[in-house]
Amino acid sequence: MINRRPSSEQILWLCAAMALVITPHLSRLPIWAGIAFGLLALWRLGVAFGRISLPARWLRVFLVLAILPAVYLSQGTLFGRSAGLTLLAALAGMKLLETQSPRDAYVVTLLGFFLVITHFLYQQSIAIGIYMLLVVIVFTATLMTIHGHGLAQAPIRRLRYAGILVLQAMPIALLLFLLFPRLPGPLWGLPKDAYSTVTGLGETMSPGSVSRLSLSDAVAFRVKFDGPPPPAAALYWRGPVLWTTDGRTWSGLSRGPVHRLPDHGRNGTDTRYTVTLEPHNQRWLFALDLPASTPRGSVLSEDFQLLRRKRIRQRLRYRARSRLDQRPHNISAISAARALALPQGAHPTSRALAKRWRRESRGEQAYIQRVLAHFRQQPFYYTLRPPLLGGDTVDEFMFSSRRGFCEHYAAAFTVFMRAAGIPARIVTGYQGGEYNPLGQYLVVRQRDAHAWVELWLEGSGWVRVDPTAAVSPSRIELGMDAAIPQPLGPPLLGLADNATARELWRNFRQSWDALNNGWNQWVLGYGMERQRQLLARIHIDSGNLAEIALALMLSITLSLGILALWLWRRRAPGDPVLGLYRRFCQKLKRRHIECGRSEGPVDFCRRITRQHPQFSAEASEISRLYIDLRYGSKRTDISRLRQAVKIFHP
Amino acid sequence: MPIGLTITTEFPEIRETLDNVVRQIGAVVLGKEHSTRLSLACLLARGHLLIEDIPGVGKTTLAHTLAHALGLGFQRIQFTSDLLPADILGVSVYDRDVAAFRFHPGPIFSELVLADEVNRATPKAQSALLEAMEEAQVTHEGETRPLPEAFFVIATQNPSHQIGTFPLPESQLDRFLMRVELGYPGAAAERTLLQGCDRRELISTLQPLLDVAQLLRLQHQVREIHASEALLDYLQALLDYSRNAPEFHSGLSPRAGLALLHSAQAWALMAGRAHLLPEDLQAILPAVTGHRLHWASGAGDPGTKTSSHLLEQVAIP
């Protein structure tokens, strides 16, 4: 067994299972690593099935030593997620190549199981979960093959058998999932390079930065309201607030002062909701305008941004409370100055026009209405693909291109306000969202990203003005889909214009998103907090590790007990005659008299008579009764056999 | 003295009669009781027997004695390379008195036919014999003539590696219910053989213990032996293993399954029992499967018999 070489069948299983676990990684591995893995596996298959021989020892050592510099050269480091994966995949290929004993084969299988885990460092979707479950079944079948399992020879039957084994392990996996103490954050920190490609709002805004997001269907966050959701026009999700500009790019304050919420007391008009935020690698949380509470672990800045201490790199769930009818009232001298500042010499035409209009208008309100009317009446277009602006962005937009997305309108409007002496700032965030009636929650996607303006008006405080609404009212009231119809759904079907198909596609997308939301909430979002809630419901204090350990052990013992009982009961309804004879054999086995697998009752009894004459009489009687009952032609009474076996005490 | 196992025997008188037959044959063919019993079981199960061994170990004597002890008409055909089918089946000769062809039955028209050294004849002659065995009748020039009701062929053959042999193809080997080997006699038997008189002379002194009618009745009784569900489970487990295990070239056919069952039934009747035991199957299995089950090339240990491997691997359910 120990020195037995793995058969070609076992090698085939190993290679197939490893190929299955590596395949989804191929897009993440450098090309050379994928090719190297394939070649190493093919080489091993060639050894198993063809006439190729295993590489010499020096060549193997050389290949292993070559892997390290290769990883370093292609990844620039040996540490971190992608370098680690490359290293693991290449070395797993090497181990596969040099598999010469069952022990090596076991090591390769364990590497395979570990490779299954690495996928979840990249993706935690339902699809990858199901795929990896299947891969685990294939690896279990491979283990059976290596072990020389006599049962289930055909591959399909072996896979089925492995599937049953995995299924039987499920209850315990589930218990461990529910009860094993959760750590704050992942078990091991995700390496730093894991967040480079996260999409979301940035800290700055320049022409094109929001419209780029609007092409993304990625989910920004999901919201579940305690009551009915507010109307779409009220759904302004407040994010970063931008104050300063260099004429082209707008940015926020590096570290604004912290604002303490005045205690308004509990108010019946508060909107309460739970947000599940996708990781965006920034510090801010999103809340409906205007936030009236600070979720745990966050602070409120003076310009009413919710900020967390650390960047959000994990899906985050938080409760929030907002007051939709309230506006910020605070302004300091410094912020008033900031809200009027414009870069020296920028946007001369716009500023001149602004000054002229301000002079001609009676009061600030009339001036604001005039600017908005200008947007409404002049041929301004709301478009996802505005022309590139080369020179002075605001002047060019106002007087020549007149095509823009919300950031263009917000920026231009702010310049007009500041030029006329009205303090103004830009608020970015999201507007609207799609209500999912299946899951009864709101999905806010990246393409709902938006920018609007807040003006400081004496007596009213910071008033929200959305210049985009002047150009495209449907954007605010009906959402992005209505404002800019896009070819929805699979374009290859050519059904984009068909209303029924659109509706079907929309329904499908909502069901799929509801499923994903459930997965996020209950599987991926099952962290410390949820565990605490669950444990509290069964009266276990999650802070007490001893209690958790006890609960874990008790429940696992219980589930194993149930499984054992079930297996035992499945075994029991066999022939009662056979059961009695097995008991007779069991009793003899304690005396080290063992019945052979293919030893018939007559032969066994004769052997007992020969070797242990003291049991001969009883054994003969039991054997005779058993033979008559099991093989005889006449039905005889089982009770005598039962009695004989019962009183038999060797 | 320990009390041994007494198994219910429904037919003690049959057991005694058949034991006597075995004993009588044992007086001539020395030290070959198991082979004798197998041969008798084969005959009771209405099967044909192939005895394979080197020349001079008593193949012909066994066949001859069996015929005598059972009171069967006996014919011997010595197979040679120039044997023609007509030499076995018979020939039509023109009869001048009646001005017509008259059929002269060949040696096959006998109750027990000994086909000696069957693998020395050409395939053509071999298949004439084997066809008659299968059909239990002879068709000659369009006329079908039935063979005797009790018809039993014992063929002997030399190991196939000997010079001048035409080995029987597998399909024809399958027509034989059992294949037994005799082997060298034990030391004691050999001594008796060396001291005693000519075996052939002894045969003529034997008294038949059965007649044809009794034999036919016994053959009928064999099929009535009860096979319980448990025993059929075991038989099917054996067949299943032979078909699914990679170490065998090809599994046992359904015909082989029936052969196993009938042979085991005969074996049980010889023990006077009306029901089958797993031991009955185990006793006859090597003789029934020896010529049917072969190692897949490169698998298994060629030194081990396939039948003992099969018995070891399959647990009695």
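1. The contact between the two chains takes 25 residues from chain B and 24 residues from chain A, where contact means heavy atoms within 4.5 Å. The model is predicted: local features need pLDDT of at least 70, side-chain atom pairs count only at pLDDT 80 or more, and totals for chains, interfaces and linings use all residues. Residues are numbered from 1 along each chain as its sequence is written, chains are lettered from A and ligands numbered from 1 in the order in which they are written, and side-chain values use heavy atoms, with hydrogens and water left out.

2. The size of an interface is often given as the accessible area lost when the parts come together. Here chain B and chain A bury about 2,100 Å² between them, 57% of it on carbon and sulfur atoms; buried area is the accessible area (1.4 Å probe) that two parts lose on being put together, summed over both. Of the area that chain B buries against chain A, 26% is supplied by B:Leu5, B:Glu279 and B:Ile316, more than by any other three residues.

3. Between chain B and chain A there are zero salt bridges, a salt bridge being a side-chain nitrogen of Lys or Arg within 4 Å of a carboxyl oxygen of Asp or Glu. Nine residue pairs are in polar contact across this interface, both residues at pLDDT 80 or more. A polar contact is a pair of N or O atoms within 3.5 Å; within protein, one must be able to donate a hydrogen and the other to accept it, and residues adjacent in sequence count only if both atoms are side-chain atoms.

4. On the side of chain B that touches chain A, helix H10 (229-244), helix H12 (278-289) and helix H13 (306-313) of chain B each supply at least two residues. Helices are DSSP runs (H or I, at least four residues), numbered from the N terminus. By class, this side of chain B has 14 nonpolar, eight polar and three charged residues.

5. Over all chains, a search of the whole structure finds 39 salt bridges. In one, A:Arg158 pairs with A:Glu9, the closest N and O atoms being 3.6 Å apart. This pair links distant parts of the chain, 149 residues apart: A:Arg158 lies in helix H7 (residues 155-179) of chain A and A:Glu9 in helix H1 (residues 8-22) of chain A.

How values were computed: Ala, Val, Leu, Ile, Met, Phe, Trp, Tyr, Cys and Pro count as nonpolar, Asp, Glu, Lys and Arg as charged, and the others, Gly among them, as polar.
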